[in-house]
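Visitor: I have a model open and would like to learn how to read its side chains. Could you walk me through it?

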Amino acid sequence: MRASSSGRRSVGVVCALLLVLVALAGCDRWSDSGSAEPGAGTTSTQPSGYGAVFLAVDECSSFGTTSFTEVPCSSERAAARVIARYDGKVADGPLCPATTDFVLHISETRPASDENGDGVVPQGYACMRKLEAPHPGDPGGGGGPRTIVGDCVYNSGDGQVRETACDGKGKKPPDYKVTSAVVDRAKCPSSTALYVQLGGSRPVGCARPVETRGGRSR
């Protein structure tokens with residue numbers, strides 16, 4: 001998403017959300033217009049002959065080295081639960097719930113309907129919540145596919161900002177924290193230093209500088 005400083009020209013950033021194995025690391029695209037998109041995730045291929053809905057809401061998945069599989073939530077292999085499930089592409093579908101930890105792209109092996117020759121046909125996506133902490137999708141957690149109130153970002157250079165943990169334990173210390181969400185910029189408090197596109201019914205995030213240990217704002 002594109003972030004813009006209060007009283008300054010808007011600046012853009014394009015960054016990719018990378019989810020590796022446990023699918024927990026992410027960044028957002030910042031934008032003055034349009035909706036925030038759920039983050040991308042590892043693709044899970046539906047086994048032949050599986051139920052009508054693979055990884056339906058409230059079902060659980062295990063983490064694998066190359067893919068995710070559905071397992072009983074009571075299983076010791078269960079690692080995350082489906083909190084929302086949508087058909088189609090992530091870019092065209094609804095936003096995942098605010099505290100989603102990561103997103104799974106779900107596809108099915110059907111060569112007869114294949115479009116690009118790899119035997120995989122896109123089916124939809126599942127919004128996942130880990131069964132145990134830490135939760136990168138929680139406010140200030142430093143990850144997850146969405147930016148929400150309570151999250152922090154850092155200036156990565158050239159006008160780019162990315163999400164990081166508010167407690168300072170991430171790879172980069174936080175520069176700004178999203179303190180509120182409003183319907184438009186005019187409703188942000190005067191102390192707002194950065195506007196962040198959040199999506200949803202209150203799409204504008206009002207962000208303030210994070211104070212250093214010495215009590216002085218960056």
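Visitor: Let's begin with Tyr125: is Tyr125 buried or exposed?

Guide: Bear in mind that this is a predicted model. The general idea is that a residue counts as buried when its relative accessible area is under 20%. Tyr125 has a relative accessible area of 0%, so Tyr125 is buried.

Visitor: And how should I class Tyr86, with a relative accessible area of 24%?

Guide: Between the buried cut-off of 20% and the exposed cut-off of 50% lies the partly exposed class. Tyr86, at 24%, is therefore partly exposed.

Visitor: How many aromatic pairs does the structure hold?

Guide: There is 1 aromatic pair in the structure. Its members are Tyr86 and Tyr125, with 5.4 Å from centre to centre and 45° between the planes.

Visitor: Why is the pair called tilted?

Guide: Planes under 30 degrees apart would be stacked and over 60 edge-to-face, so anything else is tilted. The 45° between Tyr86 and Tyr125 puts this pair in the tilted class.

Visitor: Which strands does the pair link?

Guide: Tyr86 sits in strand S5 (residues 80-87) and Tyr125 in strand S7 (residues 120-130). The two are 39 residues apart, and the pair links distant parts of the chain.

Visitor: What about the chain as a whole?

Guide: The protein chain has 12 strands and 0 helices. Of its 218 residues, 43% are buried. Among contacts between residues at least 6 apart in sequence, 54% join residues at least 24 apart. As for the accessible surface, the total is about 11400 Å², with 48% belonging to carbon and sulfur atoms.

Technical notes
Residues numbered from 1 in each chain as written. Predicted model: local features only at pLDDT ≥ 70, side-chain atom pairs only at ≥ 80, totals over all residues. Heavy atoms only, no water. Phe/Tyr/Trp six-rings, centres within 6.5 Å; stacked < 30°, edge-to-face > 60°. Helix = DSSP H or I, 4+ residues; strand = E, 2+ residues; numbered from the N terminus. Buried < 20%, exposed > 50% of the residue type's maximum accessible area, 1.4 Å probe, protein only. Contact = heavy atoms within 4.5 Å. Areas by Shrake-Rupley, 256 points an atom, 1.4 Å probe, with all protein chains shown as cover.
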